[in-house]
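Student: I have a structure to go through and some questions about it. Can we take it topic by topic?

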Amino acid sequence: MSPSWRCIIGIGPKSNFIPEHYWGEDNPLNNITRLVSATDEIPKDFINVGAAFRAEKYKTFGGYPAIKKRGDSQLDGIAEQSFHNNIHNWIGGQMATFTESGFDPIFYGHHGNCDRIWEAWQNYSDKNVLPTEEEWLDKRLYATDGNGRPVDFKIKELLNTEDLGYRFNDLDLNPTFCNPYMEADKPKREASKRDCVVPLNLRTSDGADIYAEMEDKERTHVILHFERAQLPYQPYCARVFFEYDKEGEKQSKYTGTFTILPILDLDTVLLQNGVHLQIEIERELAEAIDAQKNIEVIFQPVPLPNRNIPDEILKLENISLVTHYENK
């Protein structure tokens, strides 16, 4: 049996502050490019894993297989788009870049904790299982070892932590910060002049299919698809709300906090104008869609430590809710 050891978690859901061992002058674990300090509190909705844990399909939690050819869209999982991206962006500095995030030692703590959450997702429900397709299991990943020599692995060789020589100390998430059950810390809608407000396109949404999935559920996962009419030049963190009228009163339903990534260049393969967000919605919203109510989708930018929200409002168009990525 491979030896096991306690994994040191960089940003653990036992607290929503960066641990003290990542700070201090002359500390090799510190990084002067970070835009946060030891006293900055990570917003609770940045690390809430409730919607991710309730995702029974791996493609919802972990995303679809890598794109096949240039121009194909990529759909990341809710884990990638929410707490993974949010923490990278919140820390800022090198951690918020594509090419230099690995230069910050906290990168490895953060990804170790994402790995732990992946393991916890599998333990959360018997329905949460990994893919069995050979295409996924045999996909190769390429890296270098500690001496800079190229190495490669198949995904199926990396799925059992004990085979790799470690196990996680625990898979219990602190319900105060990462509640997978009640989501008591949902942010409230506070209108801002910098909000991006776009009507939901009911014509291109899968309203009937979404409503049908709600037959015996209070929540379900769907895909929020939109086009970028204007491209952010930096990672853009936003809280997403749906607003509509119900019996004369405005309803504002929070659905998640996500980091929308910029496009590196106009010909990039990975990040096109079209964006797909994996989200979880409640029955009441599905009923509003089925009733053909006028629904507005709000992307409310989140202030990050020591950074200004961009003056230019995010511009999105053709927002729809769909059930199956393959059909789009």
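Tutor: Helices (H or I, at least four residues) and strands (E, at least two) are DSSP runs, numbered from the N terminus. By that count the chain has 8 helices and 9 strands. This is a predicted model, in which local features need pLDDT of at least 70 and side-chain atom pairs count only at pLDDT 80 or more, while totals for chains, interfaces and linings use all residues. Residues are numbered from 1 along each chain as its sequence is written, and side-chain values use heavy atoms, with hydrogens and water left out.

Student: How much of the chain counts as buried?

Tutor: Of its 328 residues, 48% do. Buried means under 20% relative accessible area, exposed over 50%, and partly exposed in between (1.4 Å probe, protein chains only).

Student: And what share of contacts joins residues at least 24 apart?

Tutor: That share is 76%, taken among contacts between residues at least 6 apart in sequence. Contact means heavy atoms within 4.5 Å.

Student: Salt bridges next. How many are in the whole structure?

Tutor: A search finds 17. The criterion is a side-chain nitrogen of Lys or Arg within 4 Å of a carboxyl oxygen of Asp or Glu. One of them joins Glu-280 and Arg-54, at 2.8 Å from N to O.

Student: Where do Glu-280 and Arg-54 lie?

Tutor: Glu-280 is in strand β7 (residues 274-282) and Arg-54 is in the loop between α1 and α2, so the pair ties together parts that are 226 residues apart in sequence.

Student: Is Glu-280 buried or exposed?

Tutor: Glu-280 is buried, at 9% relative accessibility. Arg-54 is buried too, with a relative accessible area of 16%.

Student: What about Arg-283 and Glu-218?

Tutor: Their side chains form a salt bridge at 3.6 Å, N to O. Arg-283 belongs to helix α8 (residues 283-290) and Glu-218 to the loop between α7 (207-213) and β4, so parts 65 residues apart in sequence are tied together. Arg-283 is partly exposed, with a relative accessible area of 22%, and Glu-218 is exposed at 53%. Elsewhere, salt bridges with shared partners join Arg-189, Asp-195, Glu-243 and Lys-250 into one network.

Student: Switching to rings: how many aromatic pairs does a search find?

Tutor: It finds 9 in the whole structure. Rings of Phe, Tyr and Trp (its six-membered ring) pair if their centres lie within 6.5 Å; planes under 30 degrees apart count as stacked, over 60 as edge-to-face and the rest as tilted. Tyr-58 and Trp-118 form a tilted pair, 6.4 Å centre to centre with 40° between the planes.

Student: Which parts does that pair tie together?

Tutor: Tyr-58 lies in helix α2 (residues 58-61) and Trp-118 in helix α4 (residues 106-124), so the parts tied together are 60 residues apart in sequence. Tyr-58 is buried at 14% relative accessible area.

Student: Why is the pair of Phe-226 and Phe-299 edge-to-face?

Tutor: Because the planes are at 70°, with the ring centres 5.4 Å apart. Phe-226 sits in strand β4 (residues 219-228) and Phe-299 in strand β8 (residues 296-301), 73 residues apart. Phe-226 is buried at 0% relative accessible area, and Phe-299 is buried at 1%.

Student: Which residues do ring pairs link into a cluster?

Tutor: Tyr-58, Phe-61, Trp-118, Trp-121 and Trp-136.

Student: Last one: what about the phi of Asn-306?

Tutor: Phi there is near 60°, a positive value in a residue other than glycine. Asn-306 is in the loop between β8 and β9 (316-322) and counts as exposed at 66% relative accessibility.
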